[in-house]
Amino acid sequence: MKTFTIVTLGCKVNQAESDTLASRLTGRGWRPAGPSEQADVCIVNTCTVTQKAAMQSRQAVRQAIHAHPSACVTVTGCYAETDPSALAGIPGVDYIVDQNGKAELDRLIEARGTQRCAQAIMLTGRGNAPNLSRAGKERGGFRRRERDGW
């Protein structure tokens with residue numbers, strides 16, 4: 001059985017969304033990883049209400065990558081929405097999911113599973129179908145390339 005772990009920072013809304021995601025993943029046959037167990041998928045639900053929260057979000061992402069080196073790492077939440085290029089610059093981040101795509105996160109995880117990425121992929125929710133695109137830096141901006149794969 002595939003395992004997951006969710007690291008949640010910030011407000012009660014993030015906590016509620018993380019709880020809902022955990023329930024959805026469990027309903028799809030996934031189980032939470034134990035405290036000393038390596039997870040197949042690691043999700044970090046970030047916050048950016050202050051500069052300190054943004055720093056703690058980046059730190060939590062790096063800690064998750066270190067604690068679960070073989071896991072597929074997905075970052076979502078406010079920080080993923082406001083500064084996806086900073087997250088794309090962290091080696092080991094596989095997916096960055098904005099606020100619109102967060103509702104489809106369980107679907108992304110089920111569809112992509114533990115597939116690792118050479119470069120971070122951004123998931124944006126537009127209408128009924130999520131879009132995947134490469135996230136990266138190009139001349140200081142945020143670059144998108146549409147990608148099929150659902």
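Which residues does Cys72 touch, not counting residues up to four places away in sequence?

1. Cys72 touches Asp40, Val41, Cys42, Asp94, Tyr95, Gly113, Thr114, Gln115 and Arg116 when residues up to four places away in sequence are not counted, a contact being heavy atoms within 4.5 Å. Cys72 lies in strand β4 and counts as buried at 1% relative accessibility. Here buried means under 20% relative accessible area, exposed means over 50%, and partly exposed lies in between, with a 1.4 Å probe and protein chains only. The C-alpha atoms of Cys72 and Arg112 are separated by 9.4 Å, although the two residues are 40 residues apart along the chain.

2. Basis of the model. This is a predicted model, in which local features need pLDDT of at least 70 and side-chain atom pairs count only at pLDDT 80 or more, while totals for chains, interfaces and linings use all residues. Residues are numbered from 1 along each chain as its sequence is written, and side-chain values use heavy atoms, with hydrogens and water left out.

3. Confidence. The mean pLDDT of the protein chain is 82, and 81% of its residues reach 70 or more; pLDDT is the predictor's confidence in each residue, from 0 to 100. Confidence is highest in β2, at a mean of 97, and lowest in strand β9 (residues 141-143), at 32. Over residues 126-150 the pLDDT is below 50, and this stretch has 67 contacts in the model beyond near neighbours in sequence. Where pLDDT is low, the predicted coordinates should not be read in detail.

4. Overall composition. The protein chain contains five helices and 10 strands. These elements are DSSP runs numbered from the N terminus, with helices (H or I) of at least four residues and strands (E) of at least two. Of the 150 residues, 45% count as buried. Among contacts with a separation of 6 or more, 58% come from residues 24 or more positions apart.

5. Pairing around β1. Strand β1 (residues 3-8) runs parallel to β2 (residues 31-32), to which two bridges join it; two strands pair if DSSP finds at least two bridges between them. Phe4 has Pro32 as its bridge partner in β2. Strand β1 also runs parallel to β3 (residues 41-46), through five bridges, and there Ile6 is partnered with Ile43.

6. From β3 to β5. Six bridges join β3 to β4 (residues 72-77) in a parallel arrangement, with Val75 in β4 as the bridge partner of Val44. Val75 also stands opposite Ile96 in β5, and β4 is joined to β5 by three bridges, again in parallel.

7. Crossovers. Helix α1 (residues 12-27) forms a right-handed β-α-β unit with β1 and β2. Helix α2 (residues 51-67) does likewise with β3 and β4, that unit also being right-handed. A crossover is right-handed if, with the strands pointing away from the viewer, the path from the first strand over the helix to the second runs clockwise.

8. Cover of the strands. In β3, six of six residues are buried, and the strand is mostly covered. Val41, Ile43 and Asn45 point one way from this strand and Cys42, Val44 and Thr46 the other way, and all are buried. Strand β5 is largely enclosed by the rest of the structure because five of its five residues are buried.

9. Loop glycine. Gly101 has its place in the loop between β5 (93-97) and α5 (105-112). At 0% relative accessibility, Gly101 counts as buried. Its C-alpha atom is separated by 8.7 Å from that of Thr76, 25 residues apart along the chain.

10. Cysteines. The structure holds zero disulfides, a disulfide being a pair of cysteine sulfur atoms within 2.5 Å. Cys11 is in no disulfide, the nearest cysteine sulfur being that of Cys78, 6.1 Å away. Cys11 is partly exposed, with a relative accessible area of 40%. For Cys47, the closest cysteine sulfur is in Cys78, at 5.9 Å, too far for a bond. Cys47 is buried, with a relative accessible area of 11%.
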